[in-house]
Amino acid sequence: MQGEPDTSSSKKPWTAAKKTTSRRGRGGAAAAAACLESYRAARAGKPGAERRTRRRRPGRSRAPRPGGMMETPAAASCTHRPLLCLLLLAALCLRPGLGLYTVNAVYGDTIVMPCSQGVPNDLMFGKWKYETANNSPVFIAFRSTTKKQVQYDDIAEYKGRLSLSENYTLSIKNARISDERRFVCMLVTEDNVYEEPTVVKVFKQPSQPEIIHPANFLETEKLKMLGECIARESYPDGNITWYKNGNILQPVEGVVVMTLQKVVNPSTGLFTTTSSLQYMPTKKDANAQFACKVTYYGPSGQEEISSEPVVFDVQYPTAKVTIKVLSQRNTIKEGDNITLKCSGNGNPPPQEFLFYIPGEPEGIRSSDTYIMTDVRRNATGEYKCSLIDGSMEDSTTITVHYLDLSLTPSGEVTKQIGEDLPVSCTISSSRNATVFWIKDNTRMQTSPSFSSLQYKDAGNYICETTLQEVEGLKKRKTLTLIVQGKPQIRMTKKTGSNKSKTIICHVEGFPKPAVQWTTTGSGSIINQTEETNYIHGSFSSKIVISPEENVTLTCIAENQLERTVTSMNVSAISIPEYDEPNGYDNSEKVNDQAKLIVGIVVGLLLAALVAGGIYWVYVKKSKTPSKHVNKDLGNIEENKKLEENNHKPEA
């Protein structure tokens with residue numbers, strides 16, 4: 001049968017053929033003599049004799065032999081060339097020696113077996129055969145050097161799979177497990193027969209192992225089927241190893257139990273290896289990764305493939321209960337909400353618990369959370385939770401912080417100037433609190449104390465307290481203090497260098513008094529006045545005048561409580577005066593002014609006396625006393641007039 005070109009696969013064999021160090025040499029003639037009986041049987045056409053092929057001569061047909069049997073080509077050849085036939089028979093009976101080639105092939109690829117002997121110059125033909133399990137030879141391919149023909153024997157399992165090249169290399173497409181056998185290359189010359197045995201090994205890599213039928217969950221203290229690891233279609237068979245977190249699992253009686261099973265597909269000869277694992281987990285096996293690995297032999301030696309890891313849910317009973325307070329803050333204050341969460345360390349965790357609340361005689365059944373809203377200080381205490389059966393209890397203590405502030409008096413308070421006002425700011429809190437005072441948006445250094453109220457004491461007072469350890473817990477209360485008083489007036493004057501006089505009316509009182517200026521006699525109202533800012537119940541109003549004659553100015557201050565009037569005499573004489581500082585003590589300022597006037601008058605009198613004495617001495621010497629006396633008298637009269645003007649009553 002003519003071979004077809006190899007188009008089955010482009011893959012190369014995993015490894016080249018291996019050759020031993022010796023092979024069979026000459027000596028086929030001696031062996032052929034031992035097989036003479038087989039040759040004679042072939043000539044006689046006895047049953048059981050092997051059929052041989054021969055080349056047909058051109059122009060000669062093949063005639064049937066007696067008994068209905070066709071003469072084989074080998075028998076016909078033996079009729080004319082007995083020596084060749086003997087050599088052929090010897091080759092049929094020969095068994096391979098120690099020299100072997102080994103060809104490793106991949107399942108499904110093409111097996112390539114070279115005839116490594118080399119082609120002799122006097123080669124007549126070459127043949128390939130394989131040996132069955134009982135060492136019987138089966139010829140599969142023949143090639144003649146003379147006619148350049150290739151013939152393939154009608155062997156069903158190799159039909160359409162063989163290809164024999166000119167150098168007698170035999171190729172077998174689509175390698176199967178059944179191809180794993182011993183093949184022999186025979187080269188026949190006129191006087192000898194050469195054999196080259198080749199052993200074919202076929203390998204099939206298994207599929208990636210996978211864990212099938214995994215358990216839904218595992219339970220501690222229970223031996224349970226974890227799953228099965230399966231590796232399909234391998235050759236030769238492989239072995240399976242189990243791993244946990246990358247470490248090999250060793251069999252332990254009652255804890256780790258493994259069962260290995262191998263099944264051969266009768267049609268393909270491939271192995272399917274399955275390993276089942278029974279496992280008793282512990283709590284530490286939660287989130288553990290289990291995997292299996294198949295170890296097999298390939299053309300290049302031992303290899304292995306791992307499965308994808310699998311994590312199993314390990315269930316175990318609750319051994320501990322924990323209660324926690326869920327809060328965004330570290331502390332709890334009045335008005336906050338409290339969320340309690342109870343949890344158990346079992347798997348699966350408990351879904352319901354009993355919560356024990358201060359003031360409640362029995363536990364409250366709830367899910368794993370319990371919420372209390374707008375808590376008060378009486379919620380401070382110990383909270384507990386337990387399993388439904390009351391076992392495995394845990395507790396925690398909750399402190400609800402509070403802060404109370406009491407200000408006496410508070411709100412708007414009206415008092416009269418000079419009165420006393422006791423102020424008290426009392427604090428009650430769950431922790432030590434910080435207290436401070438603020439007046440008119442300015443923090444005070446000390447607490448306010450009013451033994452004699454002044455206008456400057458009026459304002460908005462805030463008593464504020466905070467708990468530093470509790471975020472957002474602070475309180476404040478406000479006192480608005482109003483200090484009232486009747487108008488009080490003090491008048492001062494200043495004389496300028498340009499004969500002008502500035503009269504100032506200093507006013508105190510609350511509510512703010514209205515100020516009006518008038519002149520004595522005419523009673524006319526002076527509208528050209530200037531006022532300073534009203535601060536702490538005080539302000540001033542002033543006028544500037546240049547009197548031609550002595551006048552009396554009246555300052556009138558009036559509020560809801562009273563009307564106050566004060567007057568001042570202003571002289572027309574322009575005597576330079578010291579600018580008086582501002583003040584509120586009228587008697588002190590009047591005395592200073594009187595002292596100033598008295599001083600001026602005394603000075604003038606002393607000056608007049610000195611001048612009079614000098615003048616008297618002069619007159620006495622010059623004996624003209626009348627003239628100087630008149631001058632002295634004139635000075636005395638002028639001084640008296642000035643003294644009278646300065647001693648007019650002033651307020």
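How many disulfides does the structure hold? The structure holds 5 disulfides. A disulfide here is a pair of cysteine sulfur atoms within 2.5 Å. This is a predicted model, in which local features need pLDDT of at least 70 and side-chain atom pairs count only at pLDDT 80 or more, while totals for chains, interfaces and linings use all residues. Residues are numbered from 1 along each chain as its sequence is written, and side-chain values use heavy atoms, with hydrogens and water left out.

**Disulfides**

- A disulfide is a covalent bond between the sulfur atoms of two cysteines.
- Cys-229 and Cys-292 form one such link, with sulfur atoms 1.9 Å apart.
- The link of Cys-229 and Cys-292 is right-handed, with 75° about the S-S bond.
- Cys-229 lies in strand β13 (residues 224-234) and Cys-292 in strand β18 (residues 289-298), so this pair ties together parts 63 residues apart in sequence. Strands (E, at least two residues) and helices (H or I, at least four) are DSSP runs, numbered from the N terminus.
- Cys-229 is buried at a relative accessible area of 0%, and Cys-292 is buried at 1%. Buried means under 20% relative accessible area, exposed over 50%, and partly exposed in between (1.4 Å probe, protein chains only).
- Cys-342 and Cys-385 also form a disulfide, their sulfur atoms 1.9 Å apart.
- This pair links distant parts of the chain: Cys-342 is in strand β24 (residues 338-344) and Cys-385 in strand β28 (residues 381-386), 43 residues apart.
- The link of Cys-342 and Cys-385 is right-handed, with 65° about the S-S bond.
- Cys-342 is buried at 1%, and Cys-385 is buried at 0%.
- Cys-425 and Cys-463 form a disulfide with sulfur atoms 1.8 Å apart.
- The torsion about the S-S bond of Cys-425 and Cys-463 is about -85°, so this disulfide is left-handed.
- Cys-425 lies in strand β33 (residues 424-429) and Cys-463 in strand β36 (residues 459-466), so the pair ties together parts 38 residues apart in sequence.
- Cys-463 is buried, at 0% relative accessibility.

**Aromatic rings**

- There are 10 aromatic pairs. Rings of Phe, Tyr and Trp (its six-membered ring) pair if their centres lie within 6.5 Å; planes under 30 degrees apart count as stacked, over 60 as edge-to-face and the rest as tilted.
- The rings of Phe-125 and Phe-142 have centres 5.2 Å apart and planes at 40°, so this pair is tilted.
- Phe-125 is in strand β4 (residues 123-131) and Phe-142 in strand β5 (residues 137-144), so the pair ties together parts 17 residues apart in sequence.
- Phe-125 is buried at 8%, and Phe-142 is buried at 6%.
- Tyr-534 and Phe-539 have ring centres 5.8 Å apart and planes at 65°, so that pair is edge-to-face.
- Tyr-534 is partly exposed at 26%, whereas Phe-539 is buried at 4%.
- Tyr-130, Tyr-158 and Phe-183 form one aromatic cluster.

**Charges over rings**

- The charged end of Lys-127 sits over the ring of Phe-139, 4.5 Å from its centre. The rule asks that NZ of Lys or CZ of Arg be within 6 Å of the ring centre and within 35 degrees of the ring normal.
- Arg-377 lies over the face of Tyr-402, 3.8 Å from the ring centre.

**Thr-273**

- Thr-273 is in strand β17 (residues 271-279).
- Thr-273 is buried, at 1% relative accessibility.
- Leaving aside residues up to four places away in sequence, Thr-273 touches several residues, including Cys-229, Ile-230, Ala-231 and Gly-238. Contact means heavy atoms within 4.5 Å.
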